[in-house]
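Student: I have a structure open and would like to go through some of its contacts. Can we start with a side chain and then move on to the ligands?
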Amino acid sequence: MNKLHCDLGKLILKNPVTVASGTFGSGKEFKDFYDLSQLGGIMVKGTTLLPRRGNQPQRLVETAGGVINSIGLANGGVDDFLNNILPEAKDYGTAIIVNISGDTTDDYGRMAEKLSVPGVAALEVNISCPNVKHGGIAFGTVPDMAREVATMVKNNTDLPVIMKLSPNVTNIAEMGAAVESGGADIISMINTLIGMAIDIKNRKPIIKHIMGGYSGPPIKPVALRMVYQVYKTVKIPIIGMGGIMNTEDAIEFIMAGASAVSVGTANFVDPYTPLNIIQGLNKYVEENGLSSYKEIIGAVHR
Amino acid sequence: MIYKEIGKVLENKALIKDSIYLITIDLQNIAKEALPGQFVEIKTGDLPLLRKPISIFDVDKNNGLVSLLYQVRGKGTKNLSGFKSGEYIDIIGPLGNGFTIDKKEQEILLVGGGIGIAPLYYLGKELKSKGNSLKFILGYSCKDESYAVDFFRQVAEVEISTMDGSLGCKGHVGRIVEKLDISKVTAIYACGPEPMLKYLKKFEQEVDLELSLEAYMGCGLGACISCVCEKTDGSYARVCKDGPVFKGKEISFNE
Ligand SMILES: Cc1cc2nc3c(=O)[nH]c(=O)nc-3n(C[C@H](O)[C@H](O)[C@H](O)COP(=O)(O)OP(=O)(O)OC[C@H]3O[C@@H](n4cnc5c(N)ncnc54)[C@H](O)[C@@H]3O)c2cc1C
Ligand SMILES: Cc1cc2nc3c(=O)[nH]c(=O)nc-3n(C[C@H](O)[C@H](O)[C@H](O)COP(=O)(O)O)c2cc1C
Ligand code: FES
């Protein structure tokens, strides 16, 4: 019996350890290190309806023990994904979860429709991007907009829909409730925190785009707190992420209420991090005499 | 194939105290496959969090050794300079594409500015073994901050320029290149500061120009798309995976 068997409603994973969108490409770039079929799932790099060149460099910088990135969703577009990336990725032997971003609510619907093909296990909906029809306010910061996107995606696919919450809000529980009421099957959280770093010699922001998304170990306490709050509010399962570097971090997220976790920035530091966590969870389950890791989901709430 | 190896440091010696170091590490797998112009990503300590990209300076395939020539700039390279013989270090590589080395009996200039000279040594050795005729042109800021020249002299003729004229020709490496009879040169391979690479672009029609670029890196594996440079056609290429070596004509240096 696989004690790490993970079911997130309709989405079944062989274990609860996935890799976070934007930090693992489509998996291809990590194939030399290990057999990707060991992973619970791969959240593929953010995909948009049309190809995007992305932001001007410098796009990334390390600061205060974490990383700021402003890639600007550089990608070849959804057709390129379907024609050139998915045919290879679908044979990796792990759940391929496609991360989608749109400029408008309609974009999300069209992408959901196009991506509802064999080989795609679920859609992860990035709502941390600006809604161009609403003055560029991020979808994920207004409950009604987030709910609308969830409903739009749900109406255009039969795949499990994972809504990925942005932490750049005052009330995260309200956002969780909004996407749940919109029809989301699963919540993933958190996306990056908006941050900045300055080159004091040149008196200029280091990131060309001025601001970027902050990730890595420093955001872990914030992410953990948010998972804790959303778990209290929603009934749907949560995939927790934000600064997970090792097994202990992953267990903290599970105890706060996550049914699965995602490893992001840590892949840059040590590509074996997800495997180490799978091994660590197996060991933890054995040592604590658990019949399944599920016994500790939300443990701190009891 | 890309490997993550924990290699034993055999030697880590200062060529210029607190500034320029040469480290030699036992890295059996990486040494086996490393090509000139490729680089490695080094975990230098708990912090900085990210690995640091450093070019491959030399490879001893028989003994499985990789050498790196590096300059202490900030925390990561400072950490690297602290490794002692016998200690172990966590390295991923070999990464990137490397220079074109299937050339025979050609006249090739290898131009390096500052720490950008690092990838040219192994490159020079490989090109020489194929019967090419080489010349190194190395640029430094001043005599006191010149290093590793003797390594290059063992491979081929070396010409030096310094910004203050304290060694060799005064000015940047272009001062030397412009005095040469370029009509005989078939290829120029270069690594160094952007102004130097930009200058060399003027030879892109006459010779096979290959430039090794730098960019701030996240993953070093081609996954995060952070390390991009702009190509002539307006698209972006990943320095870590599509590079670090690009044809001169491919790169625009607009951004
Ligand atoms: C392909 C490639 C090959 C390189 N080869 C060599 C080499 O052979 N020898 C050598 O001395 N240096 C080399 N460098 C430069 C070296 O990577 C930086 O000097 C080093 O990362 C500085 O880190 P730090 O923590 O010491 O300093 P920091 O204070 O962090 O930075 C100093 C400078 O290095 C740059 N830098 C910092 N982190 C990175 C990163 N992750 N990726 C790229 N640039 C960064 C910063 O923009 C800054 O300008 C190479 C860089 C690249 C991209
Ligand atoms: C370089 C980089 C690119 C990212 N790209 C995306 C993306 O395209 N879509 C998305 O939803 N999240 C993206 N993220 C956010 C991560 O998926 C993750 O939510 C965040 O980094 C927090 O996890 P971590 O601290 O473990 O990295 C990106 C993060 C990084 C560092
Ligand atoms: S550093 Fe990640 S793609 Fe180049």
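Tutor: This is a predicted model. In it, the side chain of B:Asn132 reaches the backbone nitrogen of B:Glu105 at 3.2 Å.

Student: Which other backbone nitrogen lies 2.9 Å from a polar atom of that B:Asn132 side chain?

Tutor: That of B:Gln106.

Student: Where along chain B is B:Asn132?

Tutor: B:Asn132 sits in a loop of chain B, with helix H3 (120–129) on one side and strand S9 (133–140) on the other.

Student: Is B:Asn132 buried or exposed?

Tutor: Buried. The relative accessibility of B:Asn132 is 6%, and buried means under 20%, so B:Asn132 qualifies.

Student: What does B:Asn132 touch, leaving out residues up to four places away in sequence?

Tutor: B:Asn132 touches B:Lys103, B:Lys104, B:Glu105, B:Gln106, B:Ile108 and B:Leu127. As for B:Ile108, it is 24 residues from B:Asn132 along the chain, and their C-alpha atoms are separated by 7.1 Å.

Student: Ok, ligand 1 now. How many residues surround it?

Tutor: There are 20 around ligand 1, and the closest are B:Lys52, B:Pro53, B:Gln71, B:Gly76 and B:Thr77.

Student: Which parts of chain B supply at least two residues each to the shell around ligand 1?

Tutor: Strand S4 (52–55), strand S6 (65–71) and helix H2 (75–81) do. S4(B) gives the largest share, four residues.

Student: What polar atoms does ligand 1 meet there?

Tutor: One oxygen atom of ligand 1 is 2.6 Å from a polar backbone atom of B:Pro53. A nitrogen atom of ligand 1 is 2.9 Å from an N or O atom in the side chain of B:Ser55, and for B:Arg73 the side chain has an N or O atom 3.1 Å from an oxygen atom of ligand 1. Taken alone, ligand 1 exposes 870 Å², of which the protein buries 83%.

Student: And what kinds of residues make up the shell around ligand 1?

Tutor: The shell has 10 nonpolar, five polar and five charged residues.

Student: Switching to ligand 2. Which residues are closest to it?

Tutor: Of the 21 that surround ligand 2, the closest are A:Ser21, A:Lys164, A:Gly216, A:Gly243 and A:Thr265. The shell around ligand 2 divides into five nonpolar, 15 polar and one charged.

Student: Which backbone atoms come up to the oxygen atoms of ligand 2?

Tutor: A backbone N or O atom of A:Ser21 is 2.8 Å from an oxygen atom of ligand 2. For a polar backbone atom of A:Ile190 the distance to a ligand 2 oxygen atom is 2.9 Å, and for one of A:Gly216 it is 2.8 Å. Ligand 2 taken alone exposes 610 Å², and the protein buries 95% of that.

Note on methods
Residues are numbered from 1 along each chain as its sequence is written. Chains are lettered from A and ligands numbered from 1 in the order in which they are written. This is a predicted model: local features need pLDDT of at least 70, side-chain atom pairs count only at pLDDT 80 or more; totals for chains, interfaces and linings use all residues. Side-chain values use heavy atoms; hydrogens and water are left out. A residue is near a molecule or strand if one of its heavy atoms lies within 4 Å of it. A polar contact is a pair of N or O atoms within 3.5 Å; within protein, one must be able to donate a hydrogen and the other to accept it, and residues adjacent in sequence count only if both atoms are side-chain atoms. Accessible areas come from the Shrake-Rupley method with a 1.4 Å probe; for residues, only the protein chains shown count as cover. Ala, Val, Leu, Ile, Met, Phe, Trp, Tyr, Cys and Pro count as nonpolar, Asp, Glu, Lys and Arg as charged, and the others, Gly among them, as polar. Buried means under 20% relative accessible area, exposed over 50%, partly exposed in between (1.4 Å probe, protein chains only). Contact means heavy atoms within 4.5 Å.
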